[in-house]
Amino acid sequence: MAIRIPGFGYERIRVGDVRLEVAVAGSGTPIVLLHGFPQTHLAWRHVAADLARDHQVICPDLRGYGSSDKPVAAPDGHTYSKRTMADDIVSLMRSLGHSRFALAGHDRGGLVAFRAGLDHPEAVSHLAVLDVLPAADMWATLQGTAGIFAFHLYLLAQPTELAERMIRADPDLFFGHFFDSWTRISDAIPRDVRAEYLSAAREPDAIHALCADYRASAYVDNAHDEADRASGRRLDMPVTALWQDPGDTVLPFDPAAIWTGWASDLRTGTVKCGHFLPEEQPETIIAALRGLIDRDCHGKRER
């Protein structure tokens, strides 16, 4: 039986052309938590349980991930564009009776959250993005040997089925590499949760969907970001951007400067852990999200 977040109810909810697996618990002002690669909504299990004490917490599996539908990608790349995935989340929340909500995303979920904030500012009241950069900034800043750690971005974005065929040869080795190399707190992802992630990711339709997600970021998402930058579109809600503390490593980009270019009401910070912030340092992320939700559009506490 699949692992579930204790105390959360589960439902498959249709939004447009897909059905999303959604975990919901709590009452109060709503917050949506979006997971990253190669994970499911379980990545938020610690944070979600705490926030559900006084908020309604909604944790979906993104389209293409976990137990949500995994449609075959159309040639134009829009099936897994972050614009389409953001529309999924806004439609999901409307179906649950929420026209406005806070939104937090890690990794791929952070890209979806970022796009939702730009495309649906009337719906997103507060925004948190964890350990990710907008597609246009990511592609612009990765260069030279500094990009070795992000080799998968280039592999998964290949326009043919090269990546799918390679991954299918040993999916547990491929996806397991990221859990092993991106985690600095060794027990953050316990064996049963890791097994759940691998089980979901190794399915052939999931492998196709994950590759389509990354292809979209290299082409469609990048174009959307560049168009927004050129037109001067910015995030107008309170934003928190967090990323892992690089330690002695010199990053090939300045995350604070990049996010300042997109948001005016911004708080940034580093977290002493690896890539999987909500699992490696959940208490830090809980505090950051509670601080974000308490801010109004001028950075003050909401009453």
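How many cavities of 30 Å³ or more does a search of the whole structure find? The search finds two. This is a predicted model, in which local features need pLDDT of at least 70 and side-chain atom pairs count only at pLDDT 80 or more, while totals for chains, interfaces and linings use all residues. Residues are numbered from 1 along each chain as its sequence is written, and side-chain values use heavy atoms, with hydrogens and water left out.

**Terms for spaces**

- On a 1 Å grid over the protein atoms alone, a cavity is a set of points where a 1.4 Å probe fits but cannot get out.
- A pocket is an open set with protein on both sides within 12 Å along at least five of seven lines.
- Lining residues have an atom within 4 Å of a point.
- A volume is the space filled by probe spheres set on the points, with grid points joined across faces, edges and corners.

**Cavities**

- The largest cavity holds about 60 Å³ of space.
- Its lining consists of Lys 82, Arg 83, Leu 111, Phe 114, Arg 115, Ala 135, Asp 221, His 224 and Asp 225.
- Two or more of these lining residues come from each of α2 (82–95), α3 (108–119) and α10 (220–231); helices (H or I, at least four residues) and strands (E, at least two) are DSSP runs, numbered from the N terminus.
- Asp, Glu, Lys and Arg count as charged; Ala, Val, Leu, Ile, Met, Phe, Trp, Tyr, Cys and Pro as nonpolar; the others, Gly among them, as polar.
- The second largest cavity holds about 50 Å³.
- Among its lining residues are Pro 38, Tyr 65, Tyr 197, Ala 206 and Leu 210.
- α8 (191–201) and α9 (204–218) each give two or more residues to that lining, and α8 has the largest share, with three.
- The lining of the second largest cavity has seven nonpolar and four polar residues, but no charged ones.

**Helix α10**

- Val 220, Asp 221, Asn 222, His 224, Asp 225 and Asp 228 are buried in α10 (under 20% relative accessible area, with a 1.4 Å probe and protein chains only).
- The cover over these buried residues includes α2, α3, α4 (135–141) and α9.
- The end C-alpha atoms of α10 are 17 Å apart, which agrees with the 16 Å that its twelve residues should span at 1.5 Å a residue, because the expected span is 1.5 Å times one less than the number of residues.
- Gly 232 follows α10 and has a positive phi, near 80°.

- The largest pocket has a volume of about 760 Å³.
- It is lined by 31 residues, of which Asp 131, Phe 149, Gln 244, Phe 253 and His 275 are the closest to its centre.
- β7 (239–244) is one of the elements that supply at least two lining residues, and β7 gives the most, with three.
- By class, that lining has 20 nonpolar, six polar and five charged residues.
- The second largest pocket has a volume of about 300 Å³.
- Of its 16 lining residues, Ala 73, Ala 74, Pro 75, Pro 159 and Arg 215 are the closest to its centre.
- α9 gives the most to this lining, with four residues.

**Nonpolar core**

- The largest nonpolar core has 92 residues, and Leu 33 is one of those with the most contacts inside it. Such a core is a set of buried Ala, Val, Leu, Ile, Met, Phe, Trp, Tyr and Cys residues joined through side-chain atoms within 4.5 Å.
- Leu 33 touches residues including Trp 44, Val 57, Cys 59, Ala 104 and Leu 289, not counting residues up to four places away in sequence; contact means heavy atoms within 4.5 Å.

Technical notes
Buried means under 20% relative accessible area, exposed over 50%, partly exposed in between (1.4 Å probe, protein chains only).
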